[in-house]
Amino acid sequence: MQRRTFLRSLLGSALFLSARPYNSVSAQSRGEISDWPIFRRDLARTGRAVKTGKITAPKERWSAFTRSLVESSAAVGDIDGDGRLEVVVGSYDKSLYAYDGRNGALKWRFETKDWVFSSPAVGDADGDGRLEVAVGSRDKSFSLLDGRTGRPKWTIETNDSIWSSPAIVDADGDGRMEVVVGSERVYLLDGRSGAVKWTFLPEMSAWSPPAIADVDGDGRLEVITGSLDGRLYALDGRTGRAKWNFQTNGFIEFAAPAVGDLDGDGRIEVAIGSGKRGVFCVDGRTGQRKWFYEANRERIPSSPAIGDIDGDGVLEVVIGLNESRVVALSGKDGRLKWNFPTGDYVESSPVIADIDGDGRLEVLVSSHDTNLYALDGRTGSRKWVWRPRASSQIISSPTLADLDGDGALEIIIGNNNSGVYVLGA
């Protein structure tokens with residue numbers, strides 16, 4: 001069964017700052033593990049790169065091919081300790097792949113029993129001084145893998161498919177790392193053993209990748225995640241109890257929430273897209289709506305990115321819509337700043353970076369129309385477009401990392417022609 005057919009049947013039956021992104025307190029969010037160790041780069045899921053690139057006309061550095069769709073987005077880290085970065089990405093061929101970041105040589109492959117849509121997370125989850133890779137599968141299993149070999153250190157079984165992309169963080173403040181992931185419920189797992197520390201059960205499955213941040217200003221971390229029940233939840237990182245929930249009256253599918261001081265009031269907000277409804281901005285302390293942008297014709301599986309893309313001193317929220325367009329919204333009030341039409345659905349999540357080194361930010365986003373776009377952050381106009389040979393739908397979200405150590409970013413992107421591509425200057 002094709003993915004879109006599967007999801008339509010499943011969802012149909014189930015449902016009939018300041019101008020700086022907020023970063024939660026973690027080595028991951030400070031970029032100490034790598035440029036992009038987790039889906040959306042940091043634990044606040046901002047999608048905003050720290051480094052810059054030199055890419056004005058992208059050229060393929062290398063490509064590698066799996067045996068099926070690549071809708072997972074890559075994570076990057078020196079997972080085997082050889083001093084060079086690896087690219088880790090999943091495929092619908094029931095495998096997770098680790099590639100040498102410089103040349104695409106396969107380092108290892110981990111096999112599951114079903115699709116790997118979940119984007120992996122890289123971090124030292126068990127405190128042994130080495131990096132592990134955390135990933136889930138549609139086969140309902142979730143594993144922590146040895147970064148050097150790809151062999152499981154531990155595996156747990158859930159009661160639903162795992163579409164959510166995990167986070168590795170000390171969520172409960174006990175000085176040891178945990179892994180947070182969603183399935184039929186939200187799990188906090190001990191990083192050393194995989195033992196369940198707490199779970200939270202929403203009314204419907206939690207496929208949304210969790211963001212981790214102190215959204216209410218109490219000095220402790222919360223886990224912020226969405227659910228197919230349409231609610232956005234802020235969970236106490238120590239106990240898993242809901243501090244607040246916000247009902248969107250749509251459904252939150254694969255989209256990760258993004259966390260930042262969006263309106264510049266010194267307090268944290270959360271942005272999220274909700275299917276057949278639109279884009280919401282929610283107060284991080286209270287869970288009350290601050291603004292809403294209506295976009296109600298289709299699913300919104302794209303995750304918002306946040307950054308001051310036009311240099312006005314206020315953050316913007318950039319998100320793809322399955323109305324075949326990408327929009328930039330004012331973080332202050334949700335006002336539309338620009339709208340870029342694509343040729344088909346946008347399930348890919350946009351990322352923000354100065355990708356060409358001109359001192360201004362660009363937005364990179366892919367579409368079902370088989371293209372990867374670089375858009376001017378100020379105007380939304382197209383700067384360049386790239387399409388691989390024999391290109392198919394692009395649902396994977398771009399990852400940005402300096403893979404060759406030259407100080408400039410490369411772009412890593414999956415394609416539904418089964419390929420993984422690295423683009424450089």
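How many salt bridges does the count come to here? The count comes to 42 salt bridges. Hi everyone! Please keep in mind as we go that this is a predicted model.

Before the examples, one bit of background. Side chains of opposite charge can pair when their charged atoms come close.

Let's begin with K153 and E132. Their side chains meet in a salt bridge, at 3.0 Å from N to O. This pair links distant parts of the chain: K153 sits in strand β9, residues 152-157, while E132 belongs to strand β7, residues 132-136, and the two are 21 residues apart. Are these two residues buried or exposed? E132 has a relative accessible area of 1%, so it counts as buried. K153 comes out at 34%, so it is partly exposed.

Next up is the pair E178 and K197, whose side chains also form a salt bridge, with 3.1 Å between N and O. E178 lies in strand β11, residues 178-182, and K197 in strand β13, so this contact ties together parts that are 19 residues apart in sequence. E178 is buried because its relative accessibility is 0%, whereas K197, at 32%, is partly exposed.

Strand β12, residues 186-190, is joined to β13 by 4 bridges. In one of those spots, L189 has V196 in β13 as its bridge partner.

Back to charges, with K337 and D312. Their closest N and O atoms are 2.6 Å apart in a salt bridge. K337 is in strand β25, residues 336-341, and D312 is in the loop between β22 and β23, 25 residues away. Both are partly exposed: K337 has a relative accessibility of 24%, and D312 has 40%.

Salt bridges can also join up into a group. Here D263, D265, R267, E269, D283 and K290 are linked in a network.

Last stop: S391. Where is it found? S391 is in the loop between β29, residues 382-386, and β30, residues 399-401. A polar atom of the S391 side chain lies 3.0 Å from the backbone oxygen of T370. Leaving aside residues up to four places away in sequence, S391 touches T370, N415 and N417.

Technical notes. Residues numbered from 1 in each chain as written. Predicted model: local features only at pLDDT ≥ 70, side-chain atom pairs only at ≥ 80, totals over all residues. Heavy atoms only, no water. Polar contact = N/O pair within 3.5 Å; in protein donor to acceptor, adjacent residues only side chain to side chain. Contact = heavy atoms within 4.5 Å. Pairing = 2+ DSSP bridges. Salt bridge = Lys/Arg side-chain N within 4 Å of Asp/Glu carboxyl O. Buried < 20%, exposed > 50% of the residue type's maximum accessible area, 1.4 Å probe, protein only.
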